[in-house]
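Good morning, and thank you for joining.

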Amino acid sequence: MTQEFKPNLVGYLCNWCSYAGADLAGATKLEIKPTLSVVRVMCSSRVNSNLVLTALAWGADGVLIAGCHPGDCHYEQGNYYARRRFALLKKILESLDLEADRIQLSWISAAEGKRYADIVNDFAEKISRRGPSPLRNHSKI
Amino acid sequence: MSARIGVYVCECGPNIPDRIDIDRVLEEISPLKDVAVAKRYRLLCSNDGKKYLADEIRSEKLTHLVVAACSPRDHEKTFMKVCLEAGLNPFLFQMVNIREQCAWIFSEKSEATRMAVKYIRAGISRVTLHEPLLQKEIKATPDVLVVGGGIAGVETALSLAGQKRRVYLVERSDALGGTAARLGRLLPHQGTDMRLIQEKIEHAENNENISVFKGCEVEDIRGFLGNFEVSLKRSGGEPPPEMFRVGAVVVATGFALWDAFDPDVTGYGKIDDVVTSLEFEAMSASGKILKKNGSPPRSVALIHCVGRKEKGYCSKVCCLYSLKFAHQLKDSQPAPDVFEFYSDLCLPEKTDQDVFEEAKKRGVRFLRADDIRVEGRNGKIRIAYRDGSAEEAVEVEMAVLAPAMVPAPDSDRLARMLNIPLDETGFFKEAHSMLDPVSAPISGIYIAGCASGPKSIPESVVQAQAASGKILSVLMLGKTLEPEVKVSTIKEELCTGCQTCLNVCFYGAISFDAFRGVSVVNEAICRGCGSCVGSCPSGAISSKQFTYQQLFKEVMEALR
């Protein structure tokens with residue numbers, strides 16, 4: 001049954017590293033499953049619980065946040081804020097008994113096209129096995 | 001007037017139609033609300049394509065433009081320029097990436113087509129929420145403050161003054177030249193003799209475009225690229241010199257020698273004739289390399305890497321200057337025995353090996369040594385060390401320590417004042433150690449020489465020239481600066497005054513208006529990362545072109 005299920009994922013990618021990494025995945029013609037829609041932001045620190053929870057509430061089966069590797073942030077420390085916010089958000093999801101592994105934070109550099117492809121495919125695979133988000137049918141936009 | 005959105009799908013040669021059914025895409029897009037035109041074109045970034053697009057904007061009377069093509073990292077700027085030429089505000093445009101992140105990664109054409117439609121719908125629904133933004137222009141002062149009058153500071157000042165910039169050169173001590181001017185002599189590839197350094201100092205002192213402030217320190221700096229306000233204080237306590245404005249700041253504060261070493265291990269301060277490298281340079285400069293009792297040493301130990309383990313980095317220049325000392329000692333009559341106690345030899349420059357080979361020929365002994373202890377014994381100096389597993393010892397009459405280079409004192413105070421970071425070693429952190437090594441992470445502040453870590457004289461000079469070049473290319477005479485447009489804005493009625501945003505802003509772009517109880521963004525400093533937006537608990541902050549509403553539209557289309 002889960003074989004049939006195609007998850008609907010949202011990926012917030014930082015402009016400088018991860019979005020460029022995604023471009024590189026394309027430029028090197030790596031194959032990625034068509035499950036994740038990319039939303040470009042300038043920095044992973046722009047992504048807060050509001051953006052992630054809204055996506056989940058609107059029925060996203062998973063949300064990926066990707067930024068520069070620690071120490072490599074284009075804005076020096078934005079990814080550290082992203083990491084703290086992510087840790088807090090995970091706890092909030094757990095305490096609400098929502099499936100916290102439907103959100104993922106990854107570091108992907110502009111040179112890591114392969115890593116981007118692997119992360120997206122693995123995330124899609126993981127969420128496929130988990131099945132549709134329980135919030136999917138509750139709220140339709 | 002209702003919106004008239006033009007959607008143009010670029011074929012990018014065969015790249016996009018090979019993998020995406022563009023006609024199918026246009027069929028789905030055309031009926032959408034406010035879409036006035038939806039067309040395909042073979043190559044929009046070509047000269048013909050740009051002209052076509054500009055004509056379309058004008059003839060179709062478009063109010064918004066969506067281009068579905070390659071990555072915005074490739075051609076967003078190209079099409080923004082087209083908008084500008086065609087009289088459309090370039091921020092009423094959205095680029096949709098259907099090449100790198102769609103056509104090239106999805107193997108099934110039907111799926112790639114479905115995703116392309118999704119992305120284009122997202123672009124259409126966000127573009128109607130775009131605001132026409134304006135590129136602001138800021139007047140900039142072309143003058144420059146150089147903090148530190150060592151070789152890096154002097155070279156920076158000279159390079160900038162050569163291009164008619166007023167340079168304020170501030171030096172804490174009462175002489176220019178820093179450590180380089182205090183050296184006994186230079187190796188061949190660092191300049192034939194010390195006179196060249198003295199000439200540079202004299203040129204700086206006498207240059208009408210350079211105001212030299214010796215015995216002075218920076219009291220305060222406020223501002224941003226193009227507009228810094230600087231006040232100085234005189235170390236002696238006399239009234240400070242005038243306040244002045246500069247457009248850029250160069251940190252050239254140099255280094256100090258590590259001095260926290262254990263006297264029981266190094267003998268320094270406990271045993272006569274154990275000196276540091278700079279003390280040896282002073283003896284060399286005076287022409288008298290003598291022991292405390294006034295006689296020349298008959299044997300000298302040169303001890304490398306003092307503090308390398310403790311500090312955790314190599315100081316880069318000590319091996320070479322220890323070789324210089326060895327040659328210098330061998331030049332005297334009678335020549336003393338010279339021992340180099342090293343752990344690794346760092347001789348990376350193209351002429352360094354010759355200096356090393358020549359030293360070996362002249363009888364300098366190279367001893368690979370660990371766990372070195374300097375002990376006093378019967379008026380002599382005993383160097384005990386381990387060579388592999390064997391315990392060895394050598395007796396000498398003088399020992400010269402090569403301590404690690406460490407950040408100049410008060411670097412942390414200057415860093416706080418300039419709002420720039422130090423790295424884990426305590427030196428000033430570069431914007432990027434490899435790709436942008438003379439810029440600090442804050443615009444308008446540059447770093448040259450040993451302020452960012454140990455460097456040789458030629459490296460410091462290169463950095464000074466590089467920093468000058470960067471400044472000359474940013475602060476051009478008679479030209480204004482164009483700050484970031486997609487900055488953060490604060491809705492004052494929603495701001496609770498919690499000041500969380502002040503703490504997360506790396507650039508210090510946000511200040512607190514205590515009278516009104518709200519945070520305020522300085523748009524000249526803001527870089528548009530959106531960190532404050534993410535941090536604001538009341539949702540009062542928004543970043544232009546990346547508002548919640550615009551991002552939500554994209555998410556909505558993704559989940560449709």
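A crossing is called left-handed if the near helix is turned anticlockwise from the far one by less than a right angle, and right-handed if clockwise. This is a predicted model, in which local features need pLDDT of at least 70, side-chain atom pairs count only at pLDDT 80 or more, and totals for chains, interfaces and linings use all residues. Residues are numbered from 1 along each chain as its sequence is written, while chains are lettered from A and ligands numbered from 1 in the order in which they are written.

By that convention, α5(B) and α17(B) cross in the right-handed sense; helices here are DSSP runs of H or I with at least four residues, numbered from the N terminus. Their axes, lines fitted to C-alpha atoms over the stretch in contact, come within 8 Å and cross at roughly 150 degrees, on a scale from 0 to 180 degrees between N-to-C directions. The two helices therefore count as roughly antiparallel, the term for angles over 145 degrees.

Which residues of α5(B) meet α17(B)? They are B:Lys118, B:Arg121, B:Ala122, B:Ser125 and B:Arg126, and their counterparts in α17(B) include B:Lys553 and B:Glu557. Contact requires C-beta atoms, placed from the backbone, within 7 Å.

Turning to the chains, 33 residues of chain B are in contact with 37 residues of chain A. On the chain B side, α4 (99-103), α5 (109-127), α16 (531-535) and α17 (548-558) each give two or more residues. α17(B) gives the most, with seven residues.

Conventions. Contact = placed C-beta atoms within 7 Å. Parallel < 35°, antiparallel > 145°, perpendicular 65-115°, else oblique.
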